[in-house]
Amino acid sequence: MPDAVAPATPAVPPTPPVPLAALLAREDLGLRQIAGPRESATVIHWAHTSEMADPYPYLLGGELLLTAGVHIPEAAGSGTYFDAYVSRIVEAGGSALGFGVAPVHDTVPRALVEACDHYGLPLVEVPPRTTFSGVARAVWQLMAQARHTELRRVTEAQQSLAAAAARPDPVPSVLRQLAQRVGGRAALYAPDGGEVASAGRLPGPGAGAEVGAALAGLAGVVRPADGGSGGPTPSSASDTVAGVHLAAYALGTGQGFVLGVAAPRRDPGDHTIASVGAVLLSLLTGEHQSSTGAARSSALVRMLLGAAPEEVAPLLDAGELWVVVHARPDGPAPDAVAASALGAALGSPLVDVHGDVVRVLVPAGHREPVAQPGWTCGVSAAVVPGEWGVADTQAARALSRARATRADLVRHGERPGLAGLVPSAEAAAHARAVLAPVAGNSALTETLRTWLSLHGSWDRTAVALSVHRNTVRQRVARCGVLLDVDLDDPDVRMELWFALRHA
C-alpha cells in the first residue's frame, strides 16, 4: 500500500546516514567487524552508549550501540543472556553493536559473537586505544561530510532545474533534469490520468510495465477527486514496487496535474529535489494570474460580439498602452506550456501560439520586455488598444529583422523623422499610388520591405523570410520590373521605403 504523506516540504534534506563500511575504513579508529552480515547496505544514523541489560526502551532505531559489557553477569557465558540481549537490540531496530575491549573484558565474549551471527546483527570490536566518544565523533564527522555532499547535490539540482524551466521546452526539460538527478524516471500526468510527458528510464530489470502501472496508480492517490467531493487528498505519496521507489506529487495548480518519480534508491535529498521539480511544474502548468481569468474571458466574448479593442481593454486590468511581442524558439516548435512560460517571463498571460511563433500582448510600462534565453523576439512600439493590429505587424517585422541579424531581441523604432512632416492621409494616398503595381501580391511587397530594411542583403532577407536567396533575388527583380524603377538607386529605395511604411 502506498504511504500518503502531506508534510511541509523541508527546506533542506535530512542528514544522510553513514555506511558502517565507511566507519570501519577509518584507520585511526581500528575497528574490526567480527560477526554479523558484512553488507554494504548497513548504515548508521547515530551512535549511542548504554550499559543497560535491556537497551530496548532507549533505542530509536538505526543506532550503533556501544557497550563495554559492564552489564554482563559473570555466568552469562553459559546461559541465554546474550541471546536475549541481542534479540532486543534487533527488535528495537539497532543497526550494529560495538563492543569495547577493556577495561572490563579482555576479549569479546564468544557467546555474544554467536548471538550476533544468529540474529544477523553486525558486531564491531572496539580496541582499547579507541574511546567511545572518539567513535561517536567519527560518526558525526562522516554524517557532516555526507550532509555537505548531499546539500551540494541538491543545490546543483535546483540550479539545473531552474535553468531547464527557462528553456523554450520547459516541461520536457524539467522532467529530463529531474530524471537525471534521481537516476530514474519522471512523468507528468494530466487530470484525466494520461501521461503528458516523461523522461528517463524505469529502474530495475524487467520491472517496466509493473512499475509504470504502479506509478500511474500512485498519481491517482494524490489527484483531487472531481469537484472535491471525495474529501481532502494528500499532497504527496510514496510506495515501493519491485524494489523501485515511487513518489507522486500533486501540483499546486488545483487542476489535477501530478508529478510521478521512480528511482532505484531513495537518497535523503531526492524528496527535496523532486519537490523543487513539482513547484516548477506547478508554475508551468498553472494558468498565470488565474484570478483575472474571468475578466479575460469576458473581454474575449465582447470582442467576438463586435466590441472594439479599446472598449474591452479595461477588463484586462492594464494601462492605456500596450506592446506586442513576437517570439520564435531556437529549438522545436512551441507548445501551449512553453508559450505560457514565456508569457509569465514577459509579465502577461495574454499569449497565442501561431505556428512556430508565440505572440504575447503585454501592458506597457509594467515591465519592459527583455531578451529571453532560447527565444528570438521582436517587440512593437507602445500603442493604444485600437492599434493592436498595427503593433502586431510591427512585432512581426521586428522578429524578422532579429532573425536576419541574429539578434536576441529587436524593437520597432518610433523615433520621429521626416515622414512625420507629411499628413498621414496624403502619405497613405502616395503609398497606394507608388505600390499599385505590386499591391496585389503580398509575397512581393513583404520581400521588398524586408530586403530594404536589411540594406539589400540577399542572405539576411532569405533568413528572415525562411526562403532561398534565389527566391529573394527573383522577387526583388520582379518588383523592379513591375514598378519600373532602378532598385540600385538610393533615392528610389528611400521613396519605396517611405511608401511601404505608410501602406
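Leaving aside its neighbours within four places in sequence, which residues is Leu487 in contact with? They are Leu448, Trp451, Val476, Gly480, Val492, Arg493 and Leu496. Welcome to this structure, which is a predicted model.

**Around Leu487**

- You can find Leu487 in the loop that sits between helix α15 (469-483) and helix α16 (490-502).
- Leu487 has a relative accessible area of 9%, and it counts as buried because that value is under 20%.
- Val476, one of the residues in contact with Leu487, is 11 residues away along the chain.
- The C-alpha atoms of Val476 and Leu487 are 8.5 Å apart.

**The helix pair α4 and α5**

- Helix α4 covers residues 132-165 and helix α5 covers residues 170-182.
- These two helices pack with their axes 8 Å apart, at an angle of about 160°.
- Because angles over 145 degrees count as roughly antiparallel, α4 is roughly antiparallel to α5.
- Their crossing is right-handed.
- On the α4 side, the contact is made by Arg153, Glu156, Ala157, Ser160, Leu161, Ala164 and Ala165.
- On the α5 side, Pro170, Ser173, Val174, Gln177, Leu178 and Arg181 take part.

**The five-stranded sheet**

- Strands of a sheet pair through backbone hydrogen bonds, and the pairing can be parallel or antiparallel.
- Here, five strands form an open sheet with mixed pairing, and their order is β15-β16-β14-β17-β18.
- At the edges are β15 (351-354) and β18 (409-411), each of which pairs on one side only.
- From one strand to the next, the twist averages 20°.
- Strand β17 (residues 375-379) runs parallel to β18, and three bridges join the two.
- Gly378 has Val410 in β18 as its bridge partner.

**Helices across the sheet**

Key. Residues numbered from 1 in each chain as written. Predicted model: local features only at pLDDT ≥ 70, side-chain atom pairs only at ≥ 80, totals over all residues. Heavy atoms only, no water. Axes fitted to C-alpha atoms, helices over the stretch in contact; angles between N-to-C directions. Helix = DSSP H or I, 4+ residues; strand = E, 2+ residues; numbered from the N terminus. Parallel < 35°, antiparallel > 145°, perpendicular 65-115°, else oblique. Left-handed = near helix turned anticlockwise from the far one by under 90°. Contact = heavy atoms within 4.5 Å. Pairing = 2+ DSSP bridges. Buried < 20%, exposed > 50% of the residue type's maximum accessible area, 1.4 Å probe, protein only.
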